[in-house]
Amino acid sequence: MVNEYLNFLENNSSNSHESDQKIILTVNDLTQYFYCPRKFYFLRVLQVPVVAPSKMKLSAQRVHEQEARRNKYRKKSIYGFDPDEIITLQHDVPLFSARLGLKGIADVIIEVRRPLNVQVQNDLFSRQVIPVDIKYTDRCVVRRQWRIQLAALALLIEEDHVMGNIKITQGIIHFSRQRTSVKVPITTVDGKQVLETLKKLRELYHQERMPKAVSSRKCSYCEVHRFCFRDL
Ligand code: SF4
């Protein structure tokens, strides 16, 4: 998939800018873009000064610490898996791909044994690596931008080789408040969408035009609404 993207960039080099590869995007940029392209434009292109409320930062940090503590004592199930199936479990794993110009942090990466009824031919296929993203929300609904976030983390884990030579086909959204884990398939279509969106984000860097606004329902929750000319 990554090679496909790089070939795509090369084949379209006349339309791309030399500096494109030097722009390091983040997984959070992708999430913001799917929330509203204009929000990405304000945050990353215009770099408006937005400071996340300290309460929000603190609660996110607490949720992550709480999850790490809980995982030490979980005996029945860890993100839907029997603890005996878990080979390794890592928290807050930094990921980076120079080739993609992308970086991010995986809340959790788990490595599990394949189910016993699967024929295991060699070690390459004897385990599954799964990125887990922790959410603290009122409703257990997997949003589109979170699927993309998981797909981007999966690409980064594959590309970074942080877990060896693996193919990731599944991620998990864990709703910390409800203590519920939802398995999310990661397909090649999702991966392709990540790669195409990275290209769009880089194009936005070179455009003078501000992207269109989204539905006003999102604006009241948006951190950059005071910079946006949209009428609320
Ligand atoms: S205020 Fe609304 S239109 Fe403006 S960036 Fe935020 S979500 Fe997008």
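## Ligand shell

Ala, Val, Leu, Ile, Met, Phe, Trp, Tyr, Cys and Pro count here as nonpolar, Asp, Glu, Lys and Arg as charged, and the others, Gly among them, as polar. By that scheme the shell around the ligand holds eight nonpolar residues, one polar and four charged. The model is a predicted one: local features need pLDDT of at least 70, side-chain atom pairs count only at pLDDT 80 or more, and totals for chains, interfaces and linings use all residues. Residue numbers start from 1 along each chain as its sequence is written.

The shell has 13 residues, and the closest to the ligand are Cys36, Ala213, Cys219, Cys222 and Cys228; a residue is near a molecule if its C-beta atom, placed from the backbone, lies within 6 Å of it. Helix H3 gives the largest share, three residues. Both H3 and helix H7 (216–219) supply at least two.

## Overall fold

Seven helices and six strands make up the secondary structure of the chain, in the order α-β-α-α-α-β-β-β-α-β-β-α-α. Helices (H or I, at least four residues) and strands (E, at least two) are DSSP runs, numbered from the N terminus.

Of the chain's 232 residues, 25% are buried, meaning that 20 or more other C-beta atoms, placed from the backbone, lie within 10 Å of the residue's own. Among contacts between residues at least 6 apart in sequence, 66% join residues at least 24 apart; a contact requires C-beta atoms, placed from the backbone, within 7 Å.

Strand E2 (86–97) pairs with E3 in the antiparallel sense over ten bridges, where pairing requires at least two DSSP bridges. Pro94 lies opposite Ile105 in E3. Four residues separate the two strands, and Gly101 in this hairpin has a positive phi near 65°.

## Helix H2

Which residues of helix H2 (residues 27–35) are buried? They are Val27, Asp29, Leu30, Thr31, Gln32 and Tyr33. Their cover includes strands E1 (25–26) and E3 (102–113), along with helices H3 (37–45), H5 (144–160) and H6 (188–206).

## Nonpolar core

A nonpolar core is a set of buried Ala, Val, Leu, Ile, Met, Phe, Trp, Tyr and Cys residues joined through C-beta atoms within 7 Å. The largest one has 38 residues, of which Ala151, Ala152, Leu153, Ala154, Ile157 and Val194 touch the most other members. H5 provides the largest share of this core, nine residues.

Leaving out residues up to four places away in sequence, Ile157 touches Leu95, Ala106, Ile109, Val129, Pro131, Val162, Met163 and Ile168.

Conventions:
Buried ≥ 20, exposed ≤ 12 C-beta atoms within 10 Å, placed from the backbone. Contact = placed C-beta atoms within 7 Å.
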